[in-house]
Amino acid sequence: MTIVNALSVDVEDYFQVSAFNDVVPYAAWDQFERRVEANTMRLVDLFDRHEVKATFFVLGWIADRHPKLVQELHLRGHEVGSHGYAHRTLDGYSPAEFRDEIRRAKAVLEDLTQQPVWGYRAPSFSVTARTLWALDVLAEEGFRYDSSIFPIRHDRYGIPDAPRFPYVVRAGERGLHEFPMSTVSPGGLINLPVAGGGYLRWFPLGVTRWAIRHLNRREGRPAMLYVHPWEIDPEQPRIPARVRSRLRHYRNLAATESRLDALLREFRWGTIRSVLKLGGGSTRIGAAANGAEQVEPGIRHQE
């Protein structure tokens, strides 16, 4: 059986990334040229050519300013999920503030699509050991799954001992699945990030291909591929940020679209909701989906 991998897009603009927070404050966002709509539609057209559907995690700020974009994503058969409203990392919120923010963002998206929003991805994968309380809030607010945890060591995010594959964080009436970012773990010694974002741009295409094949064929698990609309836009305005941030953001932007095209040709892809086999109807999550294990991982809410 050929495994279907998860295809996802974090819908944010080039000036909204967390690495630029110190030079582009939230209050200044409306002063920048917006390129997100055209770049997102380029991705949609690419996906259409390959006859694949994806999950688009849309910022509420973007949805308020580009409502027709959100509606078009829905009309063309893609899943619309939430990326929060203002692209603040979760360590900048109290639980009450986070609840208000995701309610606001969720309401905007559901009003535009007239469909429930089941998926969430935190800005900059900021569900970490310090912010695990967010998973409880997401479940209580009606989300069916989260896709925010990166089981790696990193200077800005990651929970290195988190499970590498989909699992049920919380069962019952307000259940919640977690679909972590993809890693490979040679020899089980360390988790190496693959299949998305800067890792797609920095690593040679052959490395990404090998990693997805390894996950599918050797481990029998789906990969999670993620990309941002600004990553297919080498002509975007340059932000005068710190050297490390510029290196991470701008490297190999011209190569992203062709690499993505190659991966779409070679592997099978679908929305996160379809890969997790989360059907319609009741909001109750029952048995684990698509190989997801029900676990009480060592990354549960820390008091």
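How do the residues of the lining of the largest pocket divide into nonpolar, polar and charged? I opened my notebook with that, keeping in mind that this is a predicted model.

**Entry 1: the largest pocket**
I found 9 nonpolar, 10 polar and 7 charged residues in its lining. The space in this pocket comes to about 520 Å³. I then looked up its centre: of the 26 lining residues, the closest to it are Arg156, Tyr157, Gly198, Arg201 and Arg248. Two helices, H6 (197–202) and H8 (243–250), each give at least two residues to the lining. H6 provides the largest share, with 5 residues.

**Entry 2: the second largest pocket**
I noted a volume of about 210 Å³ here. Its lining includes His74, His78, Glu79, Trp118 and Arg273. By class, I read 4 nonpolar, 6 polar and 2 charged residues.

**Entry 3: a cavity**
I looked for cavities of 30 Å³ or more and the count was 1. The largest cavity has a volume of about 30 Å³. Among the residues around it are Arg164, Phe165, Pro166, Met181 and Pro222. I counted its lining as 6 nonpolar, 2 polar and 1 charged.

**Entry 4: two helices together**
Next I turned to H4 (residues 95–113) and H5 (residues 133–140), which pack at an angle of about 40° with axes 10 Å apart. The two helices are therefore oblique to each other. I also wrote down that H4 passes H5 in a right-handed crossing. At the contact, Pro95, Phe98, Arg99 and Ile102 of H4 meet Trp133, Ala134, Val137, Leu138 and Glu140 of H5. That contact has 7 nonpolar, no polar and 2 charged residues.

Notes: Residues are numbered from 1 along each chain as its sequence is written. This is a predicted model: local features need pLDDT of at least 70, side-chain atom pairs count only at pLDDT 80 or more; totals for chains, interfaces and linings use all residues. Side-chain values use heavy atoms; hydrogens and water are left out. Axes are lines fitted to C-alpha atoms, for helices over the stretch in contact, and angles run from 0 to 180 degrees between N-to-C directions. Helices (H or I, at least four residues) and strands (E, at least two) are DSSP runs, numbered from the N terminus. Angles under 35 degrees count as roughly parallel, over 145 as roughly antiparallel, 65 to 115 as roughly perpendicular and the rest as oblique. A crossing is left-handed if the near helix is turned anticlockwise from the far one by less than a right angle, and right-handed if clockwise. Contact means heavy atoms within 4.5 Å. Ala, Val, Leu, Ile, Met, Phe, Trp, Tyr, Cys and Pro count as nonpolar, Asp, Glu, Lys and Arg as charged, and the others, Gly among them, as polar. On a 1 Å grid over the protein atoms alone, a cavity is a set of points where a 1.4 Å probe fits but cannot get out, and a pocket is an open set with protein on both sides within 12 Å along at least five of seven lines; lining residues have an atom within 4 Å of a point. Grid points are joined across faces, edges and corners, and a volume is the space filled by probe spheres set on the points.
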